[in-house]
Amino acid sequence: MTDPSPRSGVAFFRRVRAGIANVGWLLAPIVARIALALPFLRSGRTRWDGFLSISPGTAYLFEDQFKLHVFGHLYAFPAPDVVAFVVGCAEIILPLLLLVGLATRFAALGLLAMTAVIQLVFPDAWVNFHLYWAALALAIMALGGGPLSLDHGIEMFAQRRRAVAMR
């Protein structure tokens, strides 16, 4: 028989709330990692024309189309071919790191920095894209990779090794 007192209702509510939090702590990091990785990975896949060869379209964008909007003025990217290559690499490598959960906080920081630069190129897109990307990157930087990540597996392995070494 269950206790009808209000105290049992509070205990039940606390257990349910803790269960919801546990599900969130398990799933939120991986869902945030996937949500942030996908748009960058999709963009990165369009940058290449073979292995380590930037596509002509990407070169054209960085040389002639993409401009930085800073204090009401437009500025071309310095060394646009180098920037295009670095961006192409980062748009593949950083999302892949996020997807597997390796160096997760650093990958999220890199994508946050890219989002800031993209904001300077497309200043009107903050409400549709950049704000959400920045929020996801900041959440990942705060939460880390979560329990379903290589970061977590490496940390667990290191803790076991330390425990064995302490014996």
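These numbered points cover the pocket, the ion pairs, the hairpin and the aromatic contacts of a predicted model.

1. Basis. In this predicted model, local features need pLDDT of at least 70 and side-chain atom pairs count only at pLDDT 80 or more, while totals for chains, interfaces and linings use all residues. Residues are numbered from 1 along each chain as its sequence is written, and side-chain values use heavy atoms, with hydrogens and water left out.

2. Largest pocket. The largest pocket holds about 380 Å³ of space. A pocket here is an open set of points on a 1 Å grid over the protein atoms alone, where a 1.4 Å probe fits, with protein on both sides within 12 Å along at least five of seven lines. Its volume is the space filled by probe spheres set on the points. The lining has 20 residues; nearest the centre lie Arg47, Val87, Glu91, Met114 and Ile118. Lining residues have an atom within 4 Å of a point.

3. Who lines it. H1 (6–45), H3 (80–100), H4 (104–121) and H5 (126–143) each supply at least two lining residues. H3 gives the largest share, 5 residues. Helices (H or I, at least four residues) and strands (E, at least two) are DSSP runs, numbered from the N terminus. By class, the lining has 16 nonpolar, 2 polar and 2 charged residues.

4. Salt bridges. The structure holds 2, each a side-chain nitrogen of Lys or Arg within 4 Å of a carboxyl oxygen of Asp or Glu. Arg47 pairs with Glu91, with the closest N and O atoms 2.8 Å apart. Arg47 sits in the loop between H1 and H2 (56–65) and Glu91 in H3, so the pair ties together parts 44 residues apart in sequence. Both are buried (under 20% relative accessible area, with exposed over 50% and partly exposed in between; 1.4 Å probe, protein chains only). Arg162 pairs with Glu155 at 3.2 Å between the closest N and O atoms. Arg162 is partly exposed at 45% relative accessibility, and Glu155 is partly exposed at 35%.

5. Strands E1 (67–70) and E2 (73–76) run antiparallel, joined by 4 bridges; two strands pair if DSSP finds at least two bridges. His69 has Leu74 as its bridge partner. The turn has 2 residues between the strands, and Phe71 there has a positive phi of about 50°.

6. Aromatics. Phe62, Phe66, Phe77 and Phe122 form one aromatic cluster. Rings of Phe, Tyr and Trp (its six-membered ring) pair if their centres lie within 6.5 Å; planes under 30 degrees apart are stacked, over 60 edge-to-face, the rest tilted. Phe62 and Phe77 are both buried.

Definitions and conventions
Ala, Val, Leu, Ile, Met, Phe, Trp, Tyr, Cys and Pro count as nonpolar, Asp, Glu, Lys and Arg as charged, and the others, Gly among them, as polar.
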